[in-house]
Amino acid sequence: MARFYGAIGVGVPKEVSPGVWEDQIVERCYFGNITRIYRNMEGGSKILDDFRVNNQISIVADAFLDENLAGIRYVTWMRTRWTVGSIEVARPRLVLELGKVYNGPTP
């Protein structure tokens with residue numbers, strides 16, 4: 001099993017003006033294990049195929065991740081931000097399955 005150390009981006013809701021809420025991205029670094037390494041080229045009618053990884057990363061969750069479980073947006077692995085496709089809760093661990101390259105907001 002390979003080891004993992006990287007940042008996880010979490011969207012935390014903040015009120016920017018009365019009645020208007022936006023997600024503020026907070027990055028925190030975590031240790032864990034890479035339990036599956038798998039890549040997939042999604043073909044189709046595009047000129048360039050979409051690159052997707054189906055890696056699973058198992059990390060030990062802290063109170064911050066427990067409170068903001070639904071806000072997990074991405075995982076930084078191999079100098080790239082990857083979307084989180086699914087989350088398996090296996091206390092005290094979280095198993096995050098990665099997907100496509102993340103192109104959303106960053107801190």
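1. Asp 23 is partly exposed, with a relative accessible area of 41%. Keep in mind that this is a predicted model. Arg 73 is also partly exposed, at 28%. Which residue does Asp 23 form a salt bridge with? The partner is Arg 73, and the closest N and O atoms are 2.4 Å apart. Asp 23 sits in strand E2 and Arg 73 in strand E6, so this pair ties together parts that lie 50 residues apart in sequence.

2. How many salt bridges are there in the whole structure? A search finds 4.

3. Glu 27 belongs to strand E2 and Arg 81 to strand E7, so the pair links parts 54 residues apart in sequence. Both ends are partly exposed: Glu 27 has a relative accessible area of 32%, and Arg 81 has 31%.

4. Arg 91 forms a salt bridge with Asp 66. Here the closest N and O atoms are 2.9 Å apart. Arg 91 lies in the loop between E7 and E8, while Asp 66 lies in helix H1, so the contact ties together parts 25 residues apart in sequence. Is Arg 91 buried or exposed? Arg 91 is exposed, with a relative accessible area of 60%. Asp 66 is partly exposed, at 38%.

5. Now the overall fold. How many strands close into the barrel? There are 6, in the order E1-E2-E5-E8-E7-E6, and the pairing is antiparallel. On average, neighbouring strands of this sheet are turned by 45° against each other, direction ignored. As background, strands of a sheet pair through backbone hydrogen bonds, either parallel or antiparallel.

6. Follow E8 for a moment. Strand E5 (residues 56–60) is joined to E8 (residues 93–101) by 5 bridges, and the two run antiparallel. E7 is joined to E8 by 7 bridges, again in the antiparallel sense. Val 95 is the bridge partner of Ser 58. Val 95 is also the bridge partner of Glu 88.

7. Next, the turns. E7 and E8 form a hairpin with 2 residues between them. E6 and E7 pair antiparallel over 4 bridges. Val 75 stands opposite Trp 82 in E7.

8. Which residues touch the most other members of the largest nonpolar core? They are Ile 8, Ile 57, Ile 59, Leu 65, Ile 72, Val 75 and Leu 96, out of 20 residues in the core. Two or more residues come from each of these elements: strand E1 (2–17), strand E2 (20–36), E5, helix H1 (63–67), strand E6 (72–77), strand E7 (80–90) and E8. E1 gives the most, with 4 residues. In soluble globular proteins, nonpolar side chains tend to be buried together.

9. Last, look at Ile 59. What is Ile 59 in contact with, leaving aside neighbours within four places in sequence? The list is Phe 4, Ile 8, Tyr 30, Phe 31, Gly 32, Leu 65, Pro 92, Arg 93, Leu 94 and Leu 96.

Terms used: Residues numbered from 1 in each chain as written. Predicted model: local features only at pLDDT ≥ 70, side-chain atom pairs only at ≥ 80, totals over all residues. Heavy atoms only, no water. Pairing = 2+ DSSP bridges. Axes fitted to C-alpha atoms, helices over the stretch in contact; angles between N-to-C directions. Core = buried A, V, L, I, M, F, W, Y, C linked by side-chain atoms within 4.5 Å. Buried < 20%, exposed > 50% of the residue type's maximum accessible area, 1.4 Å probe, protein only. Contact = heavy atoms within 4.5 Å. Salt bridge = Lys/Arg side-chain N within 4 Å of Asp/Glu carboxyl O.
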